[in-house]
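Subject: Structure handover

Hi,

Here is the structure you will be working with. My notes on what turned up in it follow.

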Amino acid sequence: MTTQTLPRPTLTLTVLGALAVVYVVWGSTYYAIKVAIGSLPPLGMLGVRFVVAGVLLYAFLRLRGAAAPTRREWVWSVVIGTLLLGGGTGFVTLAERDASSSVAALMIAVSPLFAGIFAALWGERTRRREWLGIAVGLLGVVLLNLGELRATPLAAVLLVLAPLCWTFGSQWSRRLPLPAGLMGSAAQMLTGGGVLALLSVLTGERWGTPTASSLWALAYLTVFGSLLAYSAYMYLVAHTRPALATSYAYVNPVVAIILGVALGGEHLGALGWAALAVIVAGVGLVVWPGQRAEG
């Protein structure tokens, strides 16, 4: 297999804006998920979240004259939507039944490492400086796990499977005949949400009377976490290097922990705050690679 080095990504205003959305919004979704599943079934909640967001985005694009996906594009959208939303987001949400929102975000910080490995399988080369940033970020995760943040064994397994599904699906999607632009996001949310809704029925999830806070959290996840942030992420996957596209995984824990501590009663000691500083340093190395191609 021929190894290739992709051109250094230009940090345009569009790329920077997409990064900002994914960094901040997805960091907040971990706490929002925790609130939503307080009175809503995990898989059913996600099914509603993604189907509603997918329908809204699809209808908007069609009204604007965008072409409908072809039959082949729908088939591949089912595959990628299942990997990203069913496996990636689904496992995270199930894990948050037994893990704090902070722990969930921290475990997902291994995503850039998996992304680099999967990209290498397809012949892309991750530069040395990006590997260094990944290593620094993972060091920060290790430091955080030496602190007071813990998860049950099952939750920990789910939180390892989640980034595996997510990063594999993300890298694979770059090479598949998927709908272009935002239509790709709409098709994946529709199909992935449908798979999650079906799984909710098959596993016998029951809907009780939801609290107002859970409904507000679901609305936030649908509009900001799905319509806005998921579309921004898919843009990054298509237009930037894998290490940059997945660098959100190092910033999300910062946002998630701040919200968990401020709103969810979670605790973080001095070691944890020091680890967050290490994580931010790792992101800096990934987001701003050197001018010359390395390694």
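Start with helix α7 (residues 153-173) and helix α9 (residues 212-239). They pack at an angle of about 60°, and their axes are 9 Å apart. The crossing of α7 over α9 is right-handed. On the α7 side, the contact is made by Trp166, Ser170 and Ser173. On the α9 side, Tyr230, Tyr233, Met234 and Val237 take part. By class, the α7 contact with α9 has 5 nonpolar residues, 2 polar ones and no charged ones.

Bear in mind that this is a predicted model. All values here are computed from it.

Take helix α2 (residues 42-63) next. α2 and α9 pack at an angle of about 55°, with 9 Å between their axes. That angle makes α2 oblique to α9. α2, too, passes α9 in a right-handed crossing. From α2, the contact uses Met45, Val48, Arg49, Phe50, Val52, Ala53, Leu56 and Leu57. They meet Leu218, Leu221, Thr222, Gly225, Ser226, Leu227 and Ser231 of α9. The class count for α2 with α9 is 10 nonpolar, 4 polar and 1 charged.

Then there is helix α8 (residues 182-202). α8 packs with α9 at about 120°, and the axes are 9 Å apart. α8 passes α9 in a right-handed crossing. Leu182, Ser185, Gln188 and Met189 of α8 make the contact with Ser226, Leu227, Tyr230, Ser231 and Met234 of α9. These residues divide into 5 nonpolar, 4 polar and no charged.

Tyr230 and Met234 are in the contact with α7 and in the contact with α8. Ser226, Leu227 and Ser231 are in the contact with α2 and in the contact with α8.

Now the loop between α8 and α9. Thr209 lies there. Is Thr209 buried or exposed? Thr209 has a relative accessibility of 74%, so it counts as exposed. Thr209 and Ser39 are 170 residues apart along the chain, yet their C-alpha atoms are separated by 7.2 Å.

On to the core. The largest nonpolar core has 72 residues. Which of them touch the most other members? They are Leu84, Leu159 and Tyr233. Helix α1 supplies the largest share of this core, 12 residues. Tyr233 is also part of the α9 side of the α7 contact. Leaving out residues up to four places away in sequence, Tyr233 touches Val22, Trp26, Leu84, Trp166, Ser170, Ala245, Thr246 and Tyr248. Two of these, Trp166 and Ser170, are α7 residues in the contact with α9.

Helix α1 spans residues 13-36 and holds Gly27. Gly27 has a relative accessible area of 0%, so it is buried. What does Gly27 contact beyond its neighbours within four places in sequence? The list is Val22, Asn252, Val255 and Ala256. Gly27 and Leu259 are 232 residues apart in sequence, but 8.8 Å apart in space, C-alpha to C-alpha.

Asn252 sits in helix α11 (residues 248-263). Its relative accessibility is 1%, so Asn252 counts as buried. Not counting residues up to four places away in sequence, Asn252 touches Val22, Tyr23, Trp26, Gly27, Tyr30 and Ala105. Val22 and Trp26 also touch Tyr233.

Last, the whole chain. The protein has 12 helices and 0 strands. Of its 295 residues, 53% are buried. Consider the contacts with a separation of 6 or more: residues 24 or more positions apart account for 93% of them.

Best wishes

Notes. Residues are numbered from 1 along each chain as its sequence is written. This is a predicted model: local features need pLDDT of at least 70, side-chain atom pairs count only at pLDDT 80 or more; totals for chains, interfaces and linings use all residues. Side-chain values use heavy atoms; hydrogens and water are left out. Helices (H or I, at least four residues) and strands (E, at least two) are DSSP runs, numbered from the N terminus. Buried means under 20% relative accessible area, exposed over 50%, partly exposed in between (1.4 Å probe, protein chains only). Contact means heavy atoms within 4.5 Å. A nonpolar core is a set of buried Ala, Val, Leu, Ile, Met, Phe, Trp, Tyr and Cys residues joined through side-chain atoms within 4.5 Å. Axes are lines fitted to C-alpha atoms, for helices over the stretch in contact, and angles run from 0 to 180 degrees between N-to-C directions. A crossing is left-handed if the near helix is turned anticlockwise from the far one by less than a right angle, and right-handed if clockwise. Ala, Val, Leu, Ile, Met, Phe, Trp, Tyr, Cys and Pro count as nonpolar, Asp, Glu, Lys and Arg as charged, and the others, Gly among them, as polar. Angles under 35 degrees count as roughly parallel, over 145 as roughly antiparallel, 65 to 115 as roughly perpendicular and the rest as oblique.
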